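Open the model in your viewer and colour it by chain. The tour below goes from one selection to the next.

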Amino acid sequence: MNAFLVLAASFILAMVALGLVRTLRGPGDAERMMAAQLLGTGGIAVLLLQGAGSGMPAAVDIGLTLALLAAFASIAFVKGAARSRRDGSQLTDL
Amino acid sequence: MGLGFEVGLIVLVLGVGAWTIAARETFAAVIGFATYGLLLALVWVRLSAPDVALTEAAIGGGLTGTLLLGAAARLRATEPADAAERSGAALHMVAGVLAATVTGGLAAAVLFLPDPAPTLAPAVAANAPATTLGNPVTSVLMAFRAMDTLLEKVVLLLATVGVWSLAPDRLWGGRPGPRHQANPDGVFAFLARLLPPVGIVVGIYILWVSADDPGGAFQSGTILAAMWMLAMMAGLADAPPVSRRSLRFALIAGPLIFLLVGLGGLWLGDAFLSYPVAYAKALILAIEFPMILTIAVTLGLLLAGPPEREPGR
Amino acid sequence: MNTATVFGLAAAVAAGLGTYGLIANPQPLRKIIAFNLLGSGVFLFFGVVARRSAGAGFGGDPVPQALVITGMVVAFSATALAVALLLRLFQASGSATLRPNAPASTDSGRSEA
Amino acid sequence: MRVALDLWTIVAVSAGAFFFLAGTVGLLRFPDALTRLHALTKADNLGLGLAVLGLLPRAAGLLGALKLVSIWLLVLLASATVSQLIARVARREDSA
């Protein structure tokens with residue numbers, strides 16, 4: 001059973017890695033922000049499965065912290081990208 | 001199963017790390033760095049260091065990424081000019097040789113580490129009952145090496161003073177950073193209203209469990225700081241002027257109480273920062289609870305930067 | 001080859017990547033990022049030392065783990081100070097370069113907040 | 001009982017992993033930012049959600065289960081909001 005959970009964690013990690021290759025390359029800021037978003041979610045899934053598979057109950061607490069801070073970081077990224085266009089335009093409808 | 005998961009994780013971590021160095025655009029490099037931080041948290045879990053994983057998740061993924069992103073956003077206007085600046089081939093060569101030396105040296109150190117490894121784990125286990133804490137890392141941080149932790153808080157305070165001192169004279173005492181604007185009925189403001197109450201509960205929970213499980217004042221303070229920043233970014237709250245007295249008090253409350261408890265140890269116990277065994281846990285909690293407020297305020301102010309608006313505005 | 005050794009070699013590579021970026025990248029913000037990468041490699045090395053010293057029922061030696069946590073906090077403080085210095089340089093000179101003969105408009109930026 | 005719960009874990013976690021696969025395929029194959037975002041949200045909402053459901057029987061008591069579900073709810077909330085914001089950035093990049 002534990003082997004299955006670690007296997008599932010490895011599989012999701014591989015999927016996240018493939019997605020990262022795509023999103024980090026861009027072309028736009030939107031894709032790069034998707035990279036952060038994808039890793040936030042996938043990372044939590046890997047962490048929880050891995051924690052359950054190797055018997056580390058604290059993984060749930062780390063997941064909780066990650067969920068909160070990933071939300072914060074994603075928002076900061078969107079806000080930063082919206083603020084920093086070279087043409088100086090602002091995203092006003094946030 | 002073997003080392004499949006580990007090797008995959010390492011390839012991913014190092015790939016993202018290399019990409020962070022090589023990326024052409026700074027914004028992309030910053031996103032890469034935040035991604036790298038999140039992945040490192042997974043590495044720390046695999047190294048059976050959940051406390052460090054929690055710190056890495058809080059700092060590497062969240063705080064440092066946000067800090068660097070703010071800087072990248074402000075510097076974006078100069079980026080085309082800066083990107084034209086390239087180091088010469090000779091410098092790349094020197095950098096490559098030095099990097100290879102560092103890698104080779106560390107790799108050799110890893111391969112020739114003494115076996116069996118020297119360890120302080122039994123010493124910690126033997127003395128842990130004195131602190132009545134179940135989490136050995138908290139015991140080390142708050143009792144056995146409390147001096148390090150005290151000085152770490154002083155470093156945070158000094159960094160804040162250093163950041164503030166960069167303000168021009170006429171802005172001294174003003175509010176840091178720009179006033180953020182957002183549509184008060186938009187999705188952003190909605191999230192900034194919904195998330196902080198949850199974050200505050202989780203933050204205090206992370207400190208509360210740190211007695212016996214992974215957690216701690218710093219990680220908890222980081223979550224609170226992030227929630228504060230979220231409210232500020234959504235325009236729901238404004239950064240306080242740095243001359244405000246209650247703010248200054250919040251900044252020093254944590255280290256001050258730590259120092260007082262330490263001096264009390266000199267008087268009642270055996271040495272500076274020695275806790276009487278009967279009160280060890282109570283004293284550690286008395287240090288940690290004000291400390292999360294101090295850490296949250298300090299981190300928030302470090303992220304916000306030096307005062308940028310004149311006092312009274 | 002066990003878990004600790006594999007991660008130890010990764011730590012060595014991460015530190016090397018950071019060193020390379022720190023020297024080869026001319027932009028200061030990229031140098032700050034590279035410096036953090038270098039630091040993460042060193043912390044990871046500490047983590048490997050801690051893992052190898054597991055004993056007394058702990059998954060790793062808690063002393064190096066606690067030192068790494070302290071180190072991360074200090075590294076963050078240093079990063080925050082470095083970023084603030086860089087932004088001030090940009091404000092004062094209108095450019096964010098470390099070249100000594102940069103076209104600088106030394107005082108014009110001072111007045112704008 | 002034990003076997004049934006293990007079976008539940010295997011089925012739910014596998015379904016979650018499938019949605020991560022689907023999300024990644026979408027990210028790699030879809031033509032523009034908005035459709036890629038659509039693929040990403042499947043991984044967020046269903047992938048993590050099913051993994052959490054699968055892990056519930058193995059949670060440490062009621063508090064552990066509550067924490068697992070809170071993680072999912074937090075991610076749902078954050079991803080819904082952030083996706084909206086990313087979509088606006090993408091739309092502006094298109095029109096620029």
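How many residues does the contact take from chain B and from chain D? Select chains B and D to find out. The contact takes five residues from chain B and five residues from chain D. On the chain B side of this contact, the five residues are nonpolar, with no polar and no charged ones. Keep in mind during the tour that this is a predicted model, with an ipTM of 0.89 and a pTM of 0.89.

Next, keep chain B and select chain C. Four pairs of chains touch, and the pair B and C has the most contacts among them. Here 83 residues of chain B and 74 residues of chain C take part. The side of chain B that touches chain C divides into 55 nonpolar, 15 polar and 13 charged residues.

Chains A and C do not touch. Draw a distance between their nearest C-alpha atoms: the value is 10 Å. Chains C and D do not touch either, and their nearest C-alpha atoms lie 20 Å apart.

The average for chain C is 82, and 86% of the residues score at least 70. Select residues 104-113 of chain C, where the pLDDT is below 50. This stretch of chain C has 15 contacts in the model beyond near neighbours in sequence.

Definitions and conventions:
Residues are numbered from 1 along each chain as its sequence is written. Chains are lettered from A and ligands numbered from 1 in the order in which they are written. This is a predicted model: local features need pLDDT of at least 70, side-chain atom pairs count only at pLDDT 80 or more; totals for chains, interfaces and linings use all residues. Two residues are in contact if their C-beta atoms, placed from the backbone, lie within 7 Å. Ala, Val, Leu, Ile, Met, Phe, Trp, Tyr, Cys and Pro count as nonpolar, Asp, Glu, Lys and Arg as charged, and the others, Gly among them, as polar. pLDDT is the predictor's confidence in each residue, from 0 to 100.
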